[in-house]
Amino acid sequence: MERVRACVVGATGYAGVEVCRLVLAHPALELTMATDRKEAGTRLDAVYPSLAGSCETVLSLPGPDAIAAAADVAFLAVPHTASLALTPELLAHGVNVIDLSADYRLHDPAVYEAWYATPHTSPELLSQTVYGLPELFRAGVAELAARRAAGEAVLVAVPGCYPTATALAAAPALASGLATGDLVIADAISGVSGAGRGCNARTHFCHANESVEAYGVAKHRHTPEIEQTLSEVAGREMSVIFTPHLAPLTRGLLSTVYLEAAPGVTAEDVQAAYERAYADEPLVTVLPAGSMPATSSVFGTARAQVGVALDDRRRRTIVASCAIDNLGKGAAAQAVQCANVVLGLPETTGLLAPAPLV
């Protein structure tokens, strides 16, 4: 199999090093460059000793000229605004970009500027970008593969971890018409690694251990991303009440959504709709009726598990829950999944390792 040269920008962050780990084990990708501004000149396995014996890469600075000389595809595991500074130059150099940041996820630059409090400096790229959630937007990602094959450098905006799990939980009910109305309520819980490698008072062990708390209530930046995705799936404008929670987990994310059930809908209808929606999806498992997912079942994997129920009382409600690994399907593994499609590879290449058993 011909190897594709890959660069990981932001390689020492949790999502970045997870991309590195997946690329190192990938049969068609070769890690030819990894960058980090603070650790430039240091070997990656000196920062993460668990990579010793499998990685001799020396971290470098993320210059677009150097990346273009070393790589055909660049994974950007960087904070928002960092991608704005780098992506246009990489595309101009002919490098395909798989962007894990939020900079190109939102279609409307005004919405981005309102929620991220910074100007969007390359709005002309938004119409060329595809939102990289293959289970819901595979045709768009496949279109990028055709454009790349024709010689164009392309850009994938990899979804956030909360939007991924929330969309996978809600989409079948909305797409099938089993959910009515224009409101989705989403409660989601994430492990501490979702906050990134930098430590603050909330993510310090002494604060996070033995504690669960809501944060970013009514103002979390993933809210418009979730609304955008669910509106596209439903074919109508959707509103989302999204409440994230921090749990004392290293990895893992669980999102539970609540949708108003259409008249006459039964629990059997809902279960069947979810099973149909994901029947051909190799990385999404719909659990049997009566079962709900657990983060431990997808720890360290690219997989998602979904469970669904109908609360058939006075306010009939579809309740759907999705578990993912926030660094796996919620970040790095989804980035590699999108890269596989763009590069014309089988979608699950390098992603089918089972979850650790303990």
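Modeller: A residue is called buried under 20% relative accessible area, exposed over 50%, and partly exposed in between, with a 1.4 Å probe and protein chains only. This is a predicted model, in which local features need pLDDT of at least 70, side-chain atom pairs count only at pLDDT 80 or more, and totals for chains, interfaces and linings use all residues. Residues are numbered from 1 along each chain as its sequence is written, and side-chain values use heavy atoms, with hydrogens and water left out.

Biologist: Why is Tyr162 called buried?

Modeller: Its relative accessible area is 2%, and the limit is under 20%, so Tyr162 is buried.

Biologist: What makes Ala92 exposed?

Modeller: Ala92 has a relative accessible area of 68%, and exposed means over 50%. Ala92 is found in helix H4 (residues 82–92); helices (H or I, at least four residues) and strands (E, at least two) are DSSP runs, numbered from the N terminus.

Biologist: How many aromatic pairs does a search of the whole structure find?

Modeller: The search finds 3. Rings of Phe, Tyr and Trp (its six-membered ring) pair if their centres lie within 6.5 Å; planes under 30 degrees apart count as stacked, over 60 as edge-to-face and the rest as tilted.

Biologist: Why is the pair of Tyr112 and Tyr116 called stacked?

Modeller: The centres of Tyr112 and Tyr116 are 4.9 Å apart, with 15° between the planes. The limits are within 6.5 Å for a pair and under 30 degrees for stacked, so the rings of Tyr112 and Tyr116 are a stacked pair. Tyr112 and Tyr116 are 4 residues apart in helix H5 (residues 109–116), and are therefore separated by about one helical turn. Tyr112 is buried at 0% relative accessibility, and Tyr116 is buried at 7%.

Biologist: What makes the pair of Tyr162 and Phe242 edge-to-face?

Modeller: The angle between the planes of Tyr162 and Phe242 is 70°, at 5.2 Å centre to centre; edge-to-face requires over 60 degrees. This pair links distant parts of the chain, with Tyr162 in helix H7 (residues 161–175) and Phe242 in strand S9 (residues 239–246), 80 residues apart. Phe242 is buried at 3% relative accessibility.

Biologist: How do you know that the charged end of Arg251 sits over the ring of Phe299?

Modeller: The charged end of Arg251 is 5.6 Å from the centre of the Phe299 ring. A charge sits over a ring if NZ of Lys or CZ of Arg is within 6 Å of the ring centre and within 35 degrees of the ring normal.

Biologist: Why are H7 and H10 called roughly perpendicular?

Modeller: H7 and helix H10 (residues 267–277) pack at an angle of about 115°, with their axes 9 Å apart. Axes are lines fitted to C-alpha atoms, for helices over the stretch in contact, and angles run from 0 to 180 degrees between N-to-C directions. Angles under 35 degrees count as roughly parallel, over 145 as roughly antiparallel, 65 to 115 as roughly perpendicular and the rest as oblique, so H7 and H10 are roughly perpendicular.

Biologist: What makes S9 mostly covered, and which strands pair with S9?

Modeller: In S9, 6 of its 8 residues are buried. Two strands pair if DSSP finds at least two bridges between them. Strand S7 (residues 179–190) pairs with S9 in the parallel sense over 8 bridges, and strand S8 (residues 213–214) runs antiparallel to S9, joined by 2 bridges. Leu246 in S9 is the bridge partner of Ser190, and Glu213 also stands opposite Leu246.
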